[in-house]
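Here is a briefing on one protein structure. Please look at the sequence and the model before reading on.

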Amino acid sequence: MATSKLQALWNHPAGPKTIHFWAPTFKWGISIANIADFQKPPETLSYPQQIVITGTGLVWSRYSTVITPKNWNLFSVSLGMAVTGIYQLTRKIKHDYESEAAPIIAKE
């Protein structure tokens, strides 16, 4: 029974013999690295890197539901990439623009 399930996985259209299986695996590594960067100070974050991570996540989360067979692993990791990218961009923008605006002190 276990052999037939393993053979079914091996021969599946989104199984280990296809890029549909391995692409999300590598993207999980990028997502985990981006989550690890939550501890970094915002001034060390890169706009281009986070824009690419966010854009890639948004595009591929949509595309993964259009291809046949639907690749839910690719969808979930892409959605995770988009969310972490948006979070990092938000941190960077808040740091860059809120820290520049000095509070106005009223003199009496």
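**Briefing on the chain**

Ser64 sits in the loop between α3 and α4. The model is predicted: local features need pLDDT of at least 70, side-chain atom pairs count only at pLDDT 80 or more, and totals for chains, interfaces and linings use all residues. Residues are numbered from 1 along each chain as its sequence is written, and side-chain values use heavy atoms, with hydrogens and water left out.

**Overall make-up**

- The protein chain contains four helices and zero strands; helices (H or I, at least four residues) and strands (E, at least two) are DSSP runs, numbered from the N terminus.
- Read from the N terminus on, the order of elements is α-α-α-α.
- The protein chain has 108 residues, and 28% of them count as buried; buried means under 20% relative accessible area, exposed means over 50%, and partly exposed lies in between (1.4 Å probe, protein chains only).
- Taking contacts between residues at least 6 apart in sequence, 70% join residues at least 24 apart; a contact means heavy atoms within 4.5 Å.

- Ser64 is buried, at a relative accessible area of 1%.
- Apart from neighbours within four places in sequence, Ser64 is in contact with Lys70, Asn71, Leu74 and Phe75.
- A polar atom of the Ser64 side chain lies 3.5 Å from the backbone nitrogen of Phe75; a polar contact is a pair of N or O atoms within 3.5 Å, where within protein one must be able to donate a hydrogen and the other to accept it, and residues adjacent in sequence count only if both atoms are side-chain atoms.
- Ser61 belongs to helix α3 and is buried, with a relative accessible area of 10%.
- The side chain of Ser61 has a polar atom 2.9 Å from the backbone oxygen of Gly57.
- Not counting residues up to four places away in sequence, Ser61 touches Phe75, Ser78 and Leu79.

**The salt bridge**

- How many salt bridges does a search of the whole structure find? The search finds one; a salt bridge is a side-chain nitrogen of Lys or Arg within 4 Å of a carboxyl oxygen of Asp or Glu.
- Lys92 and Asp96 form a salt bridge through their side chains, at 3.8 Å from N to O.
- Lys92 and Asp96 are separated by about one helical turn, because they are four residues apart in helix α4 (residues 72-98).
- Lys92 counts as buried because its relative accessibility is 9%.
- Asp96 is buried too, with a relative accessible area of 17%.

**Aromatic pairs**

- A pair of aromatic rings is described by the distance of the centres and the angle of the planes.
- Rings of Phe, Tyr and Trp (its six-membered ring) pair if their centres lie within 6.5 Å; planes under 30 degrees apart count as stacked, over 60 as edge-to-face and the rest as tilted.
- By this rule there are three aromatic pairs.
- One of them is Phe38 with Tyr87: the ring centres are 4.7 Å apart and the planes stand at 65°, so the pair is edge-to-face.
- This pair links distant parts of the chain, 49 residues apart: Phe38 is in the loop between α2 (19-36) and α3, and Tyr87 is in helix α4.
- Phe38 is partly exposed, with a relative accessible area of 27%, and Tyr87 is partly exposed at 42%.
- Trp60 and Tyr63 also form an edge-to-face pair, because their ring centres are 5.0 Å apart and their planes meet at 90°.
- Trp60 and Tyr63 are three residues apart in helix α3, so about one helical turn separates them.

**A nonpolar surface patch**

- Val59, Trp60, Tyr63 and Val66 make up a nonpolar patch on the surface, and together they have about 390 Å² of accessible area.
- Patches are made of residues with over 30% relative accessible area and no salt bridge; like charges are joined within 9 Å, and nonpolar side chains (Val, Leu, Ile, Met, Phe, Trp, Tyr) within 5 Å.
- Tyr63 is located in helix α3 (residues 47-63) and is partly exposed, with a relative accessible area of 41%.
- Trp60 is partly exposed, with a relative accessible area of 37%.

**A loop lysine**

- Lys17 is in the loop between α1 (2-11) and α2.
- The side chains of Lys17 and Asn11 are joined by a polar contact of 3.2 Å.
- Leaving out residues up to four places away in sequence, Lys17 touches Trp10 and Asn11.

Technical notes: Accessible areas come from the Shrake-Rupley method with a 1.4 Å probe; for residues, only the protein chains shown count as cover.
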